Amino acid sequence: MSEAKTVLILGGGAGGIVAANTLRKLLPKQHRIVVIDQEDKHLFASSLLWVMIGMRRADQIARPLGRLNRKGIEFIQGHVEKINPEAKSVQVSGREFSGDAVIISLGADLVPENIPGLKESGRNIYTLDGANAIYRDLTAFQGGKIVILTANPVYKCPAAPYEAAMLVEYFCRKHGIRNKTEIALYAAEPGPMGTAGPEVSAAVRQMVESKGIKYYPTHQVTEIEPKLRRIVFAGGVTANFDLLFFVPPHRAPEVVKQAGLLGENGWGVVDRNTLQTKYQGIYAIGDVVAIPLKMGKPLPKAGVFAHAQAEVVARNIARQWTGHQWEASSFNGHGQCFIEIGDHRAGLGSGNFYAEPTPTVKIKAPGIAWHLLKILFEKYWLTRWF
Ligand SMILES: Cc1cc2nc3c(=O)[nH]c(=O)nc-3n(C[C@H](O)[C@H](O)[C@H](O)COP(=O)(O)OP(=O)(O)OC[C@H]3O[C@@H](n4cnc5c(N)ncnc54)[C@H](O)[C@@H]3O)c2cc1C
């Protein structure tokens, strides 16, 4: 029997739970798999968009992380305060843990406070509290102007604010207030889903605009004036709103920065195929990293990539620890994403983001089938890993 080893998985989000489950499947029982998260629940984030319009309740899209214990994965709830990559050890709410490998999957921190007035003036599309509040706001809304805003061009799930705008439009239509409601999307980026290429970007823009949603790209918010219910953009342009739903600025968690694992762009640096950091046995996956692409932009932050990267890292660790002769795994940049447009319909974008010189991504026209597949995927996710 090989020597018992421990892998510490920091974060019980998309990347963390896939890594833990895959490792548990591949590693003999004597090896410890430990998942550490500050929350006691895992949230299927894609479904926040359905919570926003009342198609899901919070309890339908969350699972207790404690359930991992039943599978032989140890769950520890606590805040990761310090990572020591050289010693492969971490400090969690004052306790020390050390391992033989560490997988960092701590995601991106959301920092609405970086834009003056944003937090107090609107609702954060990317949190459960925000999605619940949006549903309350929409239910009480009698008509007026709704603004969807991206506060920075870099954010996870590049489709989400565009989906949010279309789902809000669908809600207003269904509830008989569409003719009294103006909907506008102000984006910091020059177009939707830019990394996926001009064809996908134009298609998503067309989906949004065909619903009568006004789209204003390249609008970088600088502050919100809460009393005036007014957004101020760089260059002095302003826009008023009655309801404001936003995607906040993101940044890498401070603890990863303190560990010296970030690059010049402010995100984690890893080998693009193995996800190993500059330290042997220390990996970083998912939203915390930014993998540069030849086209000049980083790989988008998305659950589909966190998932695939987690499997690669887990297989390679298991391969090393068990001495099995299976082939080394390599992350290949392939991914896909559903684009919800309302009316129980969705499109699908998919392709190879590692293709050079530019990603080769195609988009499938919206239909009921992709929406049903998204529902199936949600069910699969919440049962498969828990
Ligand atoms: C509204 C919305 C819709 C989305 N839709 C899609 C979609 O359709 N398709 C898609 O591919 N992606 C989608 N995403 C993006 C996807 O959810 C993320 O890319 C994915 O969750 C990233 O996985 P991760 O493991 O890197 O981070 P996360 O899933 O964010 O997990 C990070 C975990 O680390 C924990 N953590 C953070 N810091 C600490 C700390 N210091 N100590 C302890 N724990 C800590 C957090 O509590 C969290 O559980 C969507 C996201 C949102 C918000």
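1. Helix α1. Helix α1 covers residues 14-26, 13 residues in total, and spans 19 Å from first to last C-alpha, close to the 18 Å expected at 1.5 Å a residue. The expected span is 1.5 Å times one less than the number of residues. Helices (H or I, at least four residues) and strands (E, at least two) are DSSP runs numbered from the N terminus. This is a predicted model, in which local features need pLDDT of at least 70 and side-chain atom pairs count only at pLDDT 80 or more, while totals for chains, interfaces and linings use all residues. Residues are numbered from 1 along each chain as its sequence is written, and side-chain values use heavy atoms, with hydrogens and water left out.

2. Buried means under 20% relative accessible area, exposed over 50%, and partly exposed in between (1.4 Å probe, protein chains only). The buried set consists of Gly-15, Gly-16, Ile-17, Val-18, Ala-19, Ala-20, Asn-21, Thr-22, Leu-23 and Arg-24. The cover over these residues includes the strands β1 (6-10), β2 (32-37), β3 (41-43) and β9 (101-104), together with α8 (303-322) and α9 (368-384). An α-helix has 3.6 residues a turn, so residues three or four places apart point the same way.

3. Ser-89. This residue belongs to strand β7 (residues 89-92). Ser-89 has a relative accessible area of 11% and is therefore buried. Contact means heavy atoms within 4.5 Å. With neighbours within four places in sequence left aside, Ser-89 is in contact with Lys-82, Ile-83 and Asn-84, and also with Glu-96, Phe-97 and Ser-98.

4. Domains. The domain assignment divides the protein chain into domain 1 (6-108 + 252-331) and domain 2 (111-249); such bounds come from an automatic or database domain assignment. The C-alpha centres of domain 1 and domain 2 are 30 Å apart. Domain 1 gives 16 residues to the contact and domain 2 gives 23 residues.

5. Domain interface. About 1,700 Å² is buried between domain 1 and domain 2, 77% of it on carbon and sulfur atoms. Buried area is the accessible area (1.4 Å probe) that two parts lose on being put together, summed over both. On the domain 1 side, Leu-49, Met-52 and Ile-53 lose the most area to domain 2, together 38% of what that side buries.

6. The loop between β13 and α6. Both Met-193 and Gly-194 are in this loop, which runs between β13 (181-186) and α6 (198-209). Met-193 has a positive phi of about 45° although it is not a glycine. Met-193 counts as buried because its relative accessibility is 12%, whereas Gly-194, at 29%, counts as partly exposed. Not counting residues up to four places away in sequence, Gly-194 touches Met-295 and Lys-297. Gly-194 and Ile-339 are 145 residues apart in sequence, and their C-alpha atoms are 15 Å apart in space.

7. Thr-218 is in the loop between β14 (214-216) and β15 (221-225), and its phi is near 50°, a positive value in a residue other than glycine. Its relative accessibility of 56% means that Thr-218 counts as exposed. Strand β16 (residues 230-233) pairs with β15 in the antiparallel sense over 4 bridges; two strands pair if DSSP finds at least two bridges between them. Glu-225 has Arg-230 in β16 as its bridge partner. The hairpin has 4 residues between the strands, and Arg-229 takes a positive phi near 50° there. Most residues other than glycine have a negative phi, and most peptide bonds are trans.

8. The sheet β21-β22-β23. These 3 strands form an open sheet in that order, with antiparallel pairing. The edges are β21 (334-342) and β23 (360-367), each with a single partner strand, so one side of each is left without a neighbour in the sheet. Neighbouring strands are turned by 15° against each other on average, direction ignored.

9. The β22-β23 connection. Strand β22 (residues 345-352) pairs with β23 in the antiparallel sense over 6 bridges, and Asn-352 has Thr-360 in β23 as its bridge partner. Pro-357 is in the loop between these strands. The peptide bond from Glu-356 to Pro-357 is cis, with omega near 10°.

Methods:
Axes fitted to C-alpha atoms, helices over the stretch in contact; angles between N-to-C directions.
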